[in-house]
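Please read it alongside the sequence and the coordinates.

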Amino acid sequence: MKAFHAEISKLLSLPGIWLALLIGALAPAVIAALDAIAEKEAIIAGVSTRLPEMGYSGLGLGVQGVIILGVLAVSSEYRTESSEGAGGQQISTSLMVVSSRLQLFLAKAGAVSVISILLCILAVILIVPTTRYILGDYAPLLEWTRLAGAVCYWTFTALLAFGLTLLTKQGMIPLTMLMINSSLVSFSVLLAKVTKLAFYLPDRAGMEMFMFTKNSASTEVTGSLFDSYHTPFTGGLIMFAWVAVLLGIAAIVFHRRDVAA
Amino acid sequence: MVLTINNLVKRRGTQEILSGITFEARPGRVTGFLGPNGAGKSSTLRILLGLDHATAGSALIHGKPFAELQHPLRTVGAALDGSGAHPMRTGQAHLRWIACAAGLPRSRVEEVLDIVGLTKAAGTRVKRYSLGMGRRLGIAAALLADPEILILDEPVNGLDPEGIRWIRTFLRKRAEAGNTVLLSSHLMGELAETVDDVVIIKQGRIVADGTLQEVTGSHSTLEDAFFALTSEQAGDAW
């Protein structure tokens with residue numbers, strides 16, 4: 001528990017984390033607001049097929065905050081001090097304070113998870129009045145089960161960012177890759193045009209926990225990427241499997257790797 | 001024995017960095033681990049502190065590897081390269097998370113900042129620290145839990161003359177109080193007055209190990225002895 005508290009203290013004393021928290025809290029509400037404004041006319045006319053997604057789209061596309069959080073939690077450990085300050089890295093200090101690498105790994109993953117959960121709850125609290133303000137009585141009520149799915153999606157995304165950065169030891173590659181994938185060009189969207197296996201990628205499968213609720217059993221499958229492919233539970237399970245495998249590999253590499261390597 | 005390094009070997013790829021290092025550090029004494037840059041001093045200390053893995057041999061603290069210590073910070077305080085802090089964090093915030101992880105009161109952070117003379121810079125981000133201030137912060141972190149063993153890698157690097165004088169006096173006091181102090185350096189002159197025991201490493205091998213008098217031998221200074229030993233061993237002229 002002491003190691004966990006230390007990791008929370010470590011994260012909250014980094015200015016970059018506050019930027020991540022700000023983005024994490026505000027970006028979903030902004031995205032949800034833009035989405036609601038764009039769909040408002042169709043919703044009022046009763047022709048929108050995307051009404052059930054209102055609000056949730058912000059949670060799906062607004063995960064950048066937790067991506068930055070997951071990356072920074074690790075990359076900050078490996079940031080080399082200025083050239084004047086020799087080649088020191090904080091990871092040496094961290095491992096001299098918490099000598100068990102597994103314990104440090106778990107404390108850090110725990111801190112990232114808890115902050116992600118709280119951040120997602122805060123994002124939801126901001127999304128509800130935003131969509132209500134724009135759509136008025138047309139705003140759909142957010143369901144608890146789907147919100148819980150979104151919280152899982154955020155936490156798993158943060159842990160994927162955390163695991164990837166632990167493997168690369170630096171933030172630029174995972175940060176660029178995950179940020180572009182989650183906002184501009186989704187790799188799974190592109191790949192879905194080629195193979196159905198794309199629906200098993202963690203971001204696409206994970207989003208099924210709260211997005212794409214159109215039931216393919218009862219409605220015509222349009223072949224659109226936005227059709228539901230898995231049940232929310234299966235989608236969550238697939239994403240969790242990705243997280244578990246990646247964190248398992250990251251933990252083994254972290255345990256075996258020399259700090260100086 | 002408090003610190004025991006036994007036949008330590010470290011290879012990276014085809015390169016052998018340490019070739020069977022053996023020495024000990026005793027309580028109540030300052031042990032100087034001396035050698036030129038790249039001789040293997042930091043590699044040895046990193047293995048001793050559990051940061052790197054040994055290819056063969058052992059480096060033990062009270063008979064245990066570092067990773068098995070119940071209270072690492074209360075047993076060993078160490079300062080390696082630089083400050084060991086993230087440049088964007090303040091010195092105080094850096095010490096606070098360490099205190100939190102070791103279960104120490106926050107008041108201890110103010111105490112060690114005072115000991116190393118960083119009280120006024122406590123709220124400044126580490127990236128604004130000079131090299132010497134960074135070293136002082138690293139030493140403050142090592143002292144947080146008042147450990148019985150201090151391990152310092154190149155502690156006088158970047159310190160001004162006043163800082164060097166301070167650390168000499170400080171280390172002597174720690175050893176006289178019965179603590180174990182192991183410090184590495186490539187600066188012989190700065191340390192001759194501070195150390196009791198000397199271990200000299202050259203190209204991954206120990207070339208001398210004994211008390212200051214034994215290692216200095218017939219040479220007039222430790223520095224002379226060091227150059228004589230290291231150049232004889234390498235067969236080259238300095």
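## A nonpolar surface patch on chain A

H2(A) supplies the largest share of the nonpolar patch, namely five residues. The patch consists of A:Leu22, A:Leu26, A:Val30, A:Leu34, A:Ile37, A:Leu122 and A:Leu126, which together have about 630 Å² of accessible area. The elements giving two or more residues to it are helix H2 (15-44) and helix H6 (101-135) of chain A. An α-helix has 3.6 residues a turn, so residues three or four places apart point the same way.

Patches are made of residues with over 30% relative accessible area and no salt bridge, like charges being joined within 9 Å and nonpolar side chains (Val, Leu, Ile, Met, Phe, Trp, Tyr) within 5 Å; a salt bridge is a side-chain nitrogen of Lys or Arg within 4 Å of a carboxyl oxygen of Asp or Glu. Accessible areas come from the Shrake-Rupley method with a 1.4 Å probe, and for residues only the protein chains shown count as cover. A:Leu126, which lies in helix H6 of chain A, is partly exposed, with a relative accessible area of 31%.

## Basis of the model

This is a predicted model, in which local features need pLDDT of at least 70 and side-chain atom pairs count only at pLDDT 80 or more, whereas totals for chains, interfaces and linings use all residues. Residues are numbered from 1 along each chain as its sequence is written, chains are lettered from A and ligands numbered from 1 in the order in which they are written, and side-chain values use heavy atoms, with hydrogens and water left out.

## Annotated spans and an enclosed helix

An unreviewed UniProt entry places the feature "transmembrane region" at residues 12-34, 54-74, 105-127, 147-167, 179-201 and 233-254 of chain A, although such annotations may be inferred rather than shown by experiment. Residues 105-127 of chain A are 100% helix and 0% strand, with end C-alpha atoms 33 Å apart, while residues 54-74 are 81% helix and 0% strand, with end C-alpha atoms 34 Å apart. Helices (H or I, at least four residues) and strands (E, at least two) are DSSP runs, numbered from the N terminus.

In helix H5 (residues 90-97) of chain A, eight of the eight residues are buried, so this helix is largely enclosed by the rest of the structure. Buried means under 20% relative accessible area, exposed over 50%, and partly exposed in between (1.4 Å probe, protein chains only).

## Overall build of chain B

Chain B has nine helices and nine strands, and 57% of its 238 residues count as buried. Its C-alpha trace spans about 50 × 35 × 35 Å along the principal axes.
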